[in-house]
Amino acid sequence: MEITNFDNMQYCETVGLANCFTAIGKLLGHYLIDVEAVGFNDNSGYVYIALDNGISICSMLGRDVEYLATCFDTGEEFFFDNYKDCLDKQHELNIAYNQAS
C-alpha cells in the first residue's frame, strides 16, 4: 500500500479519511478488499483509498464518502453513494475496456 500527499492534509481531510476507513471496515465482511493506495489529491480536494479493483472510496472536506469508478480508456469518473452500484459500474467499464483492447 502506498500513502501519498499527507503533508497537505488539514482537519477536514483527516475527518474525510476517517470516514473512508469506516466505510472500508463496513465492506470487509461482505467483499474481498485489497487497498492499493491512500492519499490526498491536491487538484480535486478529495482524500481517497484506492482499491485494487479500480474503485476508490473518497471524501471531500470531511463529507460522506463517495465510491468512484473510473474508465481506464477515457479517464471519465462515475460517483456513487454505495459500493454495490459502483462495483457494478466498474465491472461494466472493465468489460468494455477489455473488449476494446
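A residue counts as buried under 20% relative accessible area and as exposed over 50%. The model discussed here is predicted.

**Helix H1**

Helix H1 covers residues 11-27. Its 17 residues should span 24 Å at 1.5 Å a residue, and the end C-alpha atoms are 25 Å apart, which agrees. The buried residues of H1 are Glu13, Gly16, Leu17, Cys20, Ala23, Ile24 and Leu27. Seen down the helix axis, they fall within an arc of 115°, so they line one face of H1. The face turned away from that buried side carries the exposed residues Tyr11 and Lys26.

What do the buried residues of H1 pack against? Their partners are strands S2 (35-40), S3 (46-51), S4 (56-60) and S5 (66-70), together with helix H2 (83-100).

Threonine 14 also sits in H1. Its relative accessibility is 42%, so it counts as partly exposed. Threonine 14 lies 58 residues from phenylalanine 72 in sequence. In space, the two are 28 Å apart, C-alpha to C-alpha.

**Helix H2**

The 18 residues of H2 should span 26 Å at 1.5 Å a residue; the end C-alpha atoms are 25 Å apart, which agrees. Tyr83, Cys86, Lys89, Gln90 and Leu93 are buried in H2. These residues cover an arc of only 125° around the axis, which puts them on the same side of the helix. His91, Asn98 and Gln99 are exposed on the other side. The buried residues of H2 pack against H1, S3, S5 and strand S6 (77-80).

Asparagine 82 caps the N-terminal end of H2. One of its side-chain oxygens lies 3.3 Å from the backbone nitrogen of lysine 84.

**Strand S4 and its neighbours**

S4 is mostly covered, with four of its five residues buried. It pairs with S3 in the antiparallel sense, and its pairing with S5 is antiparallel too. Valine 47 has serine 59 of S4 as its bridge partner. Serine 56 stands opposite leucine 68 in S5.

| Hairpin | Bridges | Residues between strands | Residue with positive phi |
|---|---|---|---|
| S3 and S4 | five bridges | four residues | glycine 54, near 95° |
| S4 and S5 | three bridges | five residues | leucine 61, about 60° |

In a regular strand, side chains alternate between the two faces of the sheet.

Note on methods:
Residues are numbered from 1 along each chain as its sequence is written. This is a predicted model: local features need pLDDT of at least 70, side-chain atom pairs count only at pLDDT 80 or more; totals for chains, interfaces and linings use all residues. Side-chain values use heavy atoms; hydrogens and water are left out. Helices (H or I, at least four residues) and strands (E, at least two) are DSSP runs, numbered from the N terminus. The expected span of a helix is 1.5 Å times one less than its number of residues. Buried means under 20% relative accessible area, exposed over 50%, partly exposed in between (1.4 Å probe, protein chains only). The arc is that of the directions from the helix axis to the C-beta atoms. Contact means heavy atoms within 4.5 Å. A polar contact is a pair of N or O atoms within 3.5 Å; within protein, one must be able to donate a hydrogen and the other to accept it, and residues adjacent in sequence count only if both atoms are side-chain atoms. Two strands pair if DSSP finds at least two bridges between them.
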